[in-house]
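Subject: Structure handover

Hello,

Here is the structure for your files. My notes on it come after the coordinates.

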Amino acid sequence: MAKTVQQLEEELSKVSGDTRRAYDILNGTSKQNDSGLYRQLESAKNTLKKKGLFEYAKVQAEDSISNLEPRIRAAEVEYKKFQDQKNALNKELKAAKTEESTKKTNAAIAKGAANVYTDALDELSKAELGLEGYKGNEKYIDAYNKAQGAYDTLTKAGVTPKVALPQAKIEIPPLPSDTEK
């Protein structure tokens with residue numbers, strides 16, 4: 001079952017928090033005055049470069065570097081994992097929102113097409129009452145063509161009309177666009 005937009009947004013929020021925490025481990029945060037693994041590694045490397053330090057300080061710096069490098073690799077893997085999850089969720093959320101919007105749009109189109117079809121049938125009924133011999137033929141033909149167009153639009157929108165298009169009471173000539181096909 002596909003996730004709802006709300007479920008995706010909640011999951012994205014959680015993964016975004018995880019991504020932020022993983023980023024903060026690598027880069028540090030200003031809130032906690034945490035220097036982050038990258039800054040700790042840089043500090044240890046700078047300590048090694050300084051001349052005139054006691055041998056003990058250099059050994060501590062080397063130990064720090066050897067301890068930090070695997071932690072950094074692990075933190076980078078975790079950060080990438082969360083970032084990939086976040087990107088996938090963003091893509092899924094965008095698709096879900098687009099699908100939801102498309103459904104609403106199609107429903108609105110179908111409702112509008114149904115209203116137009118109903119109005120066209122009413123107009124056709126009125127035009128049918130005005131048929132006498134050759135009188136009213138043009139009005140009836142126009143009304144029938146309008147009803148036919150509304151019927152076609154409605155069926156293209158995926159809706160089966162409640163009332164079928166009635167048989168024409170007179171011969172309806174093809175529209176110019178129908179003969180060009």
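Below is what was found, taken by topic. Please keep in mind that this is a predicted model.

Nonpolar cores

The largest nonpolar core has 13 residues. Those that touch the most other members are Tyr 117, Leu 124, Tyr 140, Tyr 144, Ala 147 and Leu 165. At least two residues of this core come from helix 3, and at least two from helix 4, which covers 137-156. Leaving aside residues up to four places away in sequence, Ala 147 is in contact with Tyr 117, Ala 120, Leu 124 and Leu 165. As general background, nonpolar side chains in soluble globular proteins tend to be buried together.

Asp 18

Asp 18 belongs to helix 1, which spans residues 5-27. Its relative accessible area is 12%, and because the limit for buried is under 20%, Asp 18 counts as buried. The side chain of Asp 18 makes a polar contact of 2.9 Å with the side chain of Lys 14.

Thr 98

Thr 98 sits in helix 3, residues 55-129. With a relative accessibility of 45%, Thr 98 is classed as partly exposed, since that class lies between the 20% and 50% limits. From the side chain of Thr 98 to the backbone oxygen of Lys 94 the distance is 2.9 Å.

Regards

How values were computed:
Residues numbered from 1 in each chain as written. Predicted model: local features only at pLDDT ≥ 70, side-chain atom pairs only at ≥ 80, totals over all residues. Heavy atoms only, no water. Helix = DSSP H or I, 4+ residues; strand = E, 2+ residues; numbered from the N terminus. Buried < 20%, exposed > 50% of the residue type's maximum accessible area, 1.4 Å probe, protein only. Polar contact = N/O pair within 3.5 Å; in protein donor to acceptor, adjacent residues only side chain to side chain. Core = buried A, V, L, I, M, F, W, Y, C linked by side-chain atoms within 4.5 Å. Contact = heavy atoms within 4.5 Å.
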